[in-house]
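This report describes one protein model, section by section. Please look over the sequence and the structure before reading on.

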Amino acid sequence: MNHNIEKILEHIPVAEVAARLMLDRNKNKEKIKKQIDYTAPMEKTVSLDQFETVLKTTGIGAGDIVIVHSSMGGMRCLNASPMQILQSLQKLVGPEGTVVFPVFPCELVRNEAGRLVYDMKRSKIWTGLLPFVFLKMKGTVRSRFPFNSLSANGRYAEKMMEKELESDLAHGKNSAWGFCVEKHAKVLYLGVHVWQADTLLHVAEDYMDTEWPIHNWYKLIDYTVYSGSEKLADLTVRCRDGKWHKYFASYHSGYVLRKNHLIQSYDCGELIIETIPDSKLFTDFVINQAKNGKTFYHFPPWL
């Protein structure tokens, strides 16, 4: 996308929303977000040693909880296998740290009662190759919560999942997401920008719950949760209604968060590396903004 257009979208959020609505109305499936051309050839210009050196400058270190958003397509310039990347991350946080990946389930089917069936041992995921390989690693724990699930490996892997079925919110205070935020987890983005993988924003929304300033925010989804052949629970989950996403101004959100020093970017050649250094500070900022009537959701005047 043209740099000047990006600047306009950063400063005039309703412009991005209006463009997206126009595309939707015309049934044009092109996305407004800047996309990486995963089919274009790219040399392996970043070595594993260079990658690990840059990781050490991010402030992520021994004992940290780090949530990792990744795109192997966006990491084609890195000369390393998925397992080597995962081992680098584990080495970075050490034996007292915890590595966490989103493992959002896909292709769920409904049972005779009309509930979506989620199996924490078998349900496929759509969040990419790194999370897929991570799930296969010894010691990795997968969430029992069926929506926007996490997986974890390390000191807090079991602990963060303990209370997640006590709430009907995927990102609330009893959730694995909430556990990470309360522990001031860091968030690492590899091959993708923060504004392209903005799940952490949902923590603020679910923390506020009924105080969130946009009405009719949630829809209800019924699930049956399994662990292999063992049925664990029937759940009715509240999640953000998908219709609200088209009103989200992603470019503007990235601009505001960078301006307030909540996002950091690092130079690693062609490889995008960004962080949210403190997920609790990030969440508190978004909550305070929302309490003052400022969210990253914008509605054109004709609506």
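Helices and strands here are DSSP runs, helices (H or I) having at least four residues and strands (E) at least two, and they are numbered from the N terminus. The model is a predicted one.

## A loop residue and a helix residue

E43 is found in the loop between helix 2 and strand 1, the latter covering residues 46-47. With a relative accessible area of 63%, E43 is exposed, because the cut-off for that class is over 50%. Leaving aside neighbours within four places in sequence, E43 is in contact with R76 and C77. E43 and C77 are 34 residues apart along the chain, and their C-alpha atoms are separated by 5.7 Å.

E16 has its place in helix 2, which spans residues 13-25. Its relative accessibility is 0%, so E16 counts as buried. The side chain of E16 makes a polar contact with the side chain of S250, at 2.7 Å.

An open sheet is built from 7 strands in the order 6-7-4-2-8-12-11, and its pairing is mixed. The edges are taken by strand 6 (141-142) and strand 11 (264-266); each has a single partner strand, so one side of each is left without a neighbour in the sheet.

Strand 2, residues 65-70, pairs with strand 8, residues 186-190, in the parallel sense over 5 bridges.

## How strand 2 is covered

How many residues of strand 2 are buried? The count is 6 of the 6, so strand 2 is largely enclosed by the rest of the structure. In a regular strand, side chains alternate between the two faces of the sheet. Strand 2 is covered on both faces: I65, I67 and H69 are buried on one side, and V66, V68 and S70 are buried on the other.

## Helices on the sheet

Helix 4, made of residues 82-93, lies across strand 2, strand 4 (98-102), strand 7 (150-154) and strand 8. Helix 4 runs at about 135° to strand 4. Helix 5, made of residues 129-136, packs on the sheet as well, where it touches strand 2, strand 4, strand 6 and strand 7. The direction of helix 5 makes about 125° with that of strand 4.

These two helices also pack against each other. The angle between helix 4 and helix 5 is about 70°, and their axes are 10 Å apart. That angle makes helix 4 roughly perpendicular to helix 5, because angles of 65 to 115 degrees count as such. Helix 4 contributes P82, M83, I85 and L86 to the contact, and helix 5 contributes L129, L130, V133 and F134. Sorted by class, the contact has 8 nonpolar residues, no polar ones and no charged ones.

Strand 5 pairs with strand 9, residues 218-227, in the parallel sense over 4 bridges. In this pairing, the bridge partner of L116 is Y223 of strand 9.

## Helix 7 and its cover

Helix 7, residues 201-208, is mostly covered, with 8 of its 8 residues buried. These buried residues are L201, H202, V203, A204, E205, D206, Y207 and M208.

What covers the buried residues of helix 7? The cover includes helix 6 (176-182) and helix 9 (279-291), together with strand 9 and strand 10. After helix 7 comes D209, whose phi is positive, near 55°.

Terms used. Residues are numbered from 1 along each chain as its sequence is written. This is a predicted model: local features need pLDDT of at least 70, side-chain atom pairs count only at pLDDT 80 or more; totals for chains, interfaces and linings use all residues. Side-chain values use heavy atoms; hydrogens and water are left out. Two strands pair if DSSP finds at least two bridges between them. Contact means heavy atoms within 4.5 Å. Axes are lines fitted to C-alpha atoms, for helices over the stretch in contact, and angles run from 0 to 180 degrees between N-to-C directions. Buried means under 20% relative accessible area, exposed over 50%, partly exposed in between (1.4 Å probe, protein chains only). Angles under 35 degrees count as roughly parallel, over 145 as roughly antiparallel, 65 to 115 as roughly perpendicular and the rest as oblique. Ala, Val, Leu, Ile, Met, Phe, Trp, Tyr, Cys and Pro count as nonpolar, Asp, Glu, Lys and Arg as charged, and the others, Gly among them, as polar. A polar contact is a pair of N or O atoms within 3.5 Å; within protein, one must be able to donate a hydrogen and the other to accept it, and residues adjacent in sequence count only if both atoms are side-chain atoms.
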